[in-house]
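Welcome! Have a look at the model first, then try each task before reading on.

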Amino acid sequence: MKKRDDIEEIDDEIIDDEIIDDDEIVDDVEEVEEERPRRSAPRAQKAQNKKKGLSKGAKIGIISGSAAVGVIAIALVALFVILPALGINIFSKKAATYDGPSITKDIYCDFTTSYGLYFYGDDHEPYNTDMTDVDMVRASESLSTKYFDPSKPTIIWFHGWEPTGSVGDRYLMAGADTRKVMKTYDCSYAHELKEKGYNVGTFQFQGVEGEDTNYAQSLAVIYKYAVENFNETGYSLSFLFASEIIKVFGESYAKDITFAGHSCGGFVSTATNYMLQAFYHAGKISNKNLIAKRMIVQDPYVNTLSDGLSTNAKLMGTDELIGDRRKGTVVQDMMIKLHKFDNVAIDVYLGMSIASSEFIDPNKSHFNEVLEHVVVIDMTGLKKWQGSIGNIHVLTRDWCWRSILENKLKDQDGNLAPSGACTNDEILSMVGNLYQQQNAKWDFATESLQKVSDTSGFKF
């Protein structure tokens, strides 16, 4: 009981002392606080109680309140400092349980083929009108940093239907229609993107000069090639392309990958990223950075032509049934899962009407669901200028490429609007929204987008 007697003795001395001011109390409290567990609280409190004429009950309340504040402070430190430092975040939203396809085949790729991943170098004229002598090499597991630098982010282009094996898409030059309306000599997106600090690659399946093979020549079978199989290997384009990403980039690649796919390349790129996601969740790879964090989908065209795909067909290399769904629905479902499970930022730009109609679907029911996971931009201004069929398809592609290199755009309220220049996080912040591109001409200096407030009655 000696400790209690000491405290009471000190308290009595303070109460008997009639000349005590606030500064002395504060000095006493600070001095004793440094030497816990001394008796500063009762000492200072009793003095203040006497001066203020507080009741015994009030004294107890003040002491209890101080203790409560201390407990709350400790709890807050635990929540916001200690637990996060231990990797525990009680405020994080529980991740959805992955319910995508299971992998049934091992990773496979062959770098000796003409189809597959290519990278661009710097040793060519940036404005090469005949598009010859362009510096690009077939990918491998040991590339010079001139073509692939692991310290840089990467953007990879997927072309679409190529009935004649057009070199324009292969070399990532602006299309003839775009060059005409831009009134420029020519431009090379690959060259400009490399200057901006990207590795720039392209997945080719149209063959190369001097070869008869062009797997992009028949519009009817590109979808089948992308998801089921396309030649004697028995593999799909998406499976092979995903395998090449894994082999080339490896488990240590730590930068972002962006996929940009035009027309049929829009669903080839989506299917490729979907396979990478499946490989990751199956434990075939451990580097999540190999899943492209951004997908810029440029006027995706999922044709309605017969392709010989049976109703019980499965996504090659997986157990997922795809043959019983609309093609547009299959692509949309892939986008939903890429965003839902791995937070992939997806911006979809719709231009040509016959491409938009299959992607959206006739009754828009599934489109409304996918809109919860992507950002959609209708190229309204370009369609007013060039019409809804023809040039608009290539102009939409080139608008997307050009937008990566231009300043960010605004909507009608002055808020940030989607474009290639946006960061992944900025696109993710716009998910669920529909925008209309405004300019009925090619002029990014005056370009803007309008956010659609009511998407239910929107006509594409």
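**Exercise 1.** Which backbone oxygen does the side chain of S243 reach? Keep in mind that this is a predicted model.

*Solution.* Start by locating the residue: S243 lies in helix α9. Next, follow its side chain, which reaches the backbone oxygen of F239 at 2.9 Å. Then look for neighbours beyond four places away in sequence: S243 touches I107, Y108, C109 and F279. Finally, check accessibility: the relative accessible area of S243 is 0%, so this residue is buried.

**Exercise 2.** Describe helix α9 by its span and its surroundings.

*Solution.* Begin with the span: α9 covers residues 237-249 and reaches 18 Å from its first C-alpha to its last, close to the 18 Å expected. Now turn to burial, where the cut-off is under 20% relative accessible area. Twelve of the 13 residues of α9 are buried, so the helix is largely enclosed by the rest of the structure. Among them are L237, F241, E244 and F249.

**Exercise 3.** Work out how helices α11 and α12 are arranged.

*Solution.* First, take the axes: those of α11 (residues 327-342) and α12 (residues 353-360) come within 7 Å and cross at roughly 70°. Angles of 65 to 115 degrees count as roughly perpendicular, and α11 and α12 are therefore roughly perpendicular to each other. Next, list the contact: K327, G328, V331, Q332 and M335 in α11 meet E358, F359 and I360 in α12. Sorted by class, this contact has four nonpolar, two polar and two charged residues.

Technical notes: Residues are numbered from 1 along each chain as its sequence is written. This is a predicted model: local features need pLDDT of at least 70, side-chain atom pairs count only at pLDDT 80 or more; totals for chains, interfaces and linings use all residues. Side-chain values use heavy atoms; hydrogens and water are left out. Axes are lines fitted to C-alpha atoms, for helices over the stretch in contact, and angles run from 0 to 180 degrees between N-to-C directions. Helices (H or I, at least four residues) and strands (E, at least two) are DSSP runs, numbered from the N terminus. Angles under 35 degrees count as roughly parallel, over 145 as roughly antiparallel, 65 to 115 as roughly perpendicular and the rest as oblique. Contact means heavy atoms within 4.5 Å. Ala, Val, Leu, Ile, Met, Phe, Trp, Tyr, Cys and Pro count as nonpolar, Asp, Glu, Lys and Arg as charged, and the others, Gly among them, as polar. The expected span of a helix is 1.5 Å times one less than its number of residues. Buried means under 20% relative accessible area, exposed over 50%, partly exposed in between (1.4 Å probe, protein chains only). A polar contact is a pair of N or O atoms within 3.5 Å; within protein, one must be able to donate a hydrogen and the other to accept it, and residues adjacent in sequence count only if both atoms are side-chain atoms.
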